[in-house]
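What would I find if I just clicked around?

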Amino acid sequence: MDFKSMKYYLYWLYCQFELITCSYLMEPWEKLLFYTFNITMLVMISYTAYLFIPVHISTAFQFFLHLLGNQHENAVSIVK
């Protein structure tokens, strides 16, 4: 891919983003606050998803295995 066309494509995406969010109407200090807030929220949501979604998936998987009858053996085994 040509870097010049990629540069224009990224600029086009940025212009589309500004049109969709109407941020092209904002003053520079408003844009700074707007982008800072949005990036902060995106980072926080990504971090939370990274930490908690695998735990929830694992817990749900264990729950459904328990419902299907595949129970784990106890840690303490009884020797007969």
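Below are my notes, from the whole chain down to single residues.

Ground rules: this is a predicted model, where local features need pLDDT of at least 70, side-chain atom pairs count only at pLDDT 80 or more, and totals for chains, interfaces and linings use all residues. I number residues from 1 along each chain as its sequence is written, and side-chain values use heavy atoms, with hydrogens and water left out.

Of the 80 residues, 5% count as buried (under 20% relative accessible area, with exposed over 50% and partly exposed in between; 1.4 Å probe, protein chains only).

Record check: UniProt, in an unreviewed entry, puts a "transmembrane region" at residues 32–53; such annotations may be inferred rather than shown by experiment. I looked up that stretch and got 100% helix and 0% strand, with the end C-alpha atoms 31 Å apart.

E18: I found E18 in helix α1, residues 3–21. E18 counts as buried because its relative accessibility is 10%. Its side chain makes a polar contact with the side chain of Y35 at 3.5 Å (a pair of N or O atoms within 3.5 Å; within protein, one must be able to donate a hydrogen and the other to accept it, and residues adjacent in sequence count only if both atoms are side-chain atoms).

F3: I also placed F3 in helix α1. At 69% relative accessibility, F3 counts as exposed.

Key
Helices (H or I, at least four residues) and strands (E, at least two) are DSSP runs, numbered from the N terminus.
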